[in-house]
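Please open the model in your viewer and keep the sequence beside it, so that each selection can be followed in both places.

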Amino acid sequence: PSRNCNNSLRICTCFCQQCGYSSQSHAAYLLMHMKQKEQQPTKTECFEHSSGCCMITSLPDTLLMAVTSYLDPPDVYSLAQTCTQFHTPSTELSTRHFLSPPQIKPLQFLQNNEVTNLASRLLQESLVHGFSSVLQTALSINEARRIVKFQEDESNMGRKVLLSGSAAVQAVTGKRFKEFDLNFLCNRQSASGFRQLMRDFGYCCESVVPHSCDHAEQYHYCEEQILHVETFVPRKDIETVAISVLVGEYYRAWNAQLAAVEADEEVPQELEHIDMSFLNHRNRYLYTIQKHSRCRFPKDYPIALTPPNNFVGSDDADTRNKCKKGSIQLVVCWTCPMLAIAKYDMDICKSRFDGKQVHIVSMNDTFSYRTKSDDHMKFINFYVPHYLGSAENYDTNKTLTHVSVTEATIDETLQIIYCMMKTAKNVDRRTQLTVLGADIFALLYSGGNIDSKMQVHFLLLHNNIVTQLQRALKYFNRGIDVPLSDNVKVLLGY
């Protein structure tokens with residue numbers, strides 16, 4: 001079997017008189033009749049299963065798993081719908097998969113196997129191979145197996161370490177993206193073990209970003225579940241320093257700056273030898289993590305001295321962590337990472353791998369390369385036309401971009417508030433409460449003044465909408481059917 005399509009595997013319509021299922025794949029016909037050298041069926045030809053033919057479902061399940069490991073999950077899903085025999089208990093009793101480490105103890109049997117259905121077992125095998133392929137864009141196969149072993153060990157202790165995000169979308173759809181990172185989610189107790197794995201693999205920490213800052217707005221919609229986001233990059237060709245040294249240099253520079261402010265001069269003469277370049281928000285976050293957090297880094301943990309990504313600008317800069325291929329992100333959650341994934345705005349992004357099994361929200365939508373979304377997307381479909389249509393009435397930018405919370409002009413703030421209120425009138429009350437929050441929802445129906453704190457809340461909502469829109473357009477460009485209205489696509493030039 002091969003993942004590459006060729007002319008010999010054309011799609012045709014066959015009908016199985018034994019089980020009543022229609023076959024949409026010519027490959028399925030060939031596999032079900034591999035012992036019979038018959039003429040290939042036409043589009044309208046029907047055939048009966050003779051007693052001497054070898055259907056694919058009569059092959060050993062271990063062999064079927066080997067075959068499906070070469071297929072993309074959508075192909076296996078389509079194949080499983082061609083015959084009812086795929087929906088019977090599997091005789092493959094082992095819970096091991098491609099990424100499982102070598103077993104020492106005997107095979108675990110049926111009573112300990114959560115996946116017994118043959119179709120589900122074949123699909124899981126294809127999905128795990130898909131995750132293996134994606135993981136190997138940044139890791140070797142042995143490193144990928146160590147990651148899986150770590151996931152299994154943490155799961156046995158009641159803690160989940162999940163691979164999700166764009167890497168999971170690639171694994172479940174069979175598509176491959178040019179620019180992406182590996183997104184792992186875990187709780188605080190699992191963070192130290194994951195960091196040690198990254199260190200063993202030759203990675204260093206590039207940044208630690210709290211969920212509340214502008215650079216972590218990609219997780220803003222599930223901020224109540226997120227503690228911070230750690231980014232790791234290969235240490236090769238990157239100058240690193242121990243985190244204790246970096247935090248110490250930042251602390252000295254910070255004290256020098258305070259002394260300069262108190263003395264009303266640039267830098268006191270006795271402090272001129274201090275390197276003030278350490279004063280940036282990336283280092284401030286690392287200092288805060290080491291000082292206050294319960295999940296500190298070891299003192300000698302390597303940190304990139306100069307981050308490859310833009311993490312040294314001002315706190316309100318319109319920049320984000322543009323992770324490139326090969327970088328790994330660890331999203332550290334307050335409690336279970338499942339709660340954070342449940343807050344994702346698109347169902348296809350909720351696909352996840354826990355080290356043993358792959359979980360998909362909606363197989364019909366995912367394998368058809370489409371996704372559903374929550375109430376935020378409904379709000380976006382009304383907000384974007386209102387915002388772009390009102391730009392002429394305000395002295396603002398006519399493009400939909402992030403707005404600096406501290407540097408936003410009065411016109412920008414008024415435009416955002418006006419469009420938010422106008423959009424709220426076009427959506428139902430559940431969407432209003434979900435997107436706007438309880439405070440603004442009460443403001444809609446009870447009235448009141450919009451103070452400075454409320455204005456900041458409106459600006460953050462706007463930035464959150466822009467982030468979700470950018471993510472939806474990113475997946476639209478990747479071939480995923482996202483629930484954006486045709487009007488929004490036209491306004492944005494798609």
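The tour below goes from stop to stop, with something to select at each one.

Before selecting anything, note that this is a predicted model, in which local features need pLDDT of at least 70 and side-chain atom pairs count only at pLDDT 80 or more, while totals for chains, interfaces and linings use all residues. Residues are numbered from 1 along each chain as its sequence is written, and side-chain values use heavy atoms, with hydrogens and water left out.

**An enclosed strand**

Select residues 328-333, which form strand β9; strands (E, at least two residues) and helices (H or I, at least four) are DSSP runs, numbered from the N terminus. Of the 6 residues in this strand, 6 are buried, so β9 is largely enclosed by the rest of the structure. Here buried means under 20% relative accessible area, exposed means over 50%, and partly exposed lies in between, with a 1.4 Å probe and protein chains only. Show the side chains, and you will find I328, L330 and V332 pointing one way from β9, with Q329, V331 and C333 pointing the other way.

**The neighbours of β9**

One place to look is N187, whose bridge partner in β9 is C333.

**Salt bridges**

A salt bridge is a side-chain nitrogen of Lys or Arg within 4 Å of a carboxyl oxygen of Asp or Glu. Side chains of opposite charge can pair when their charged atoms come close. R195 is buried, with a relative accessible area of 2%, and E230 is buried as well, at 0%.

A search of the whole structure finds 13 salt bridges. Among them, E154 and R159 meet at 2.8 Å, N to O, and E154 counts as buried at 7% relative accessibility. Select D347 and K350 next, whose side chains meet in a salt bridge at 3.4 Å, N to O; D347 counts as buried at 18% relative accessibility, and K350 does so at 16%. Finally, D365, R370 and K372 are linked in a network of salt bridges.

Leaving aside residues up to four places away in sequence, T413 touches A408, Q455 and L459, where contact means heavy atoms within 4.5 Å.

The last selection is helix α15, residues 452-477, whose 26 residues reach 38 Å from the first C-alpha to the last, close to the 38 Å expected at 1.5 Å a residue; the expected span is 1.5 Å times one less than the number of residues. Just after α15, look at G479, which takes a positive phi of about 95°.

Definitions and conventions: Two strands pair if DSSP finds at least two bridges between them.
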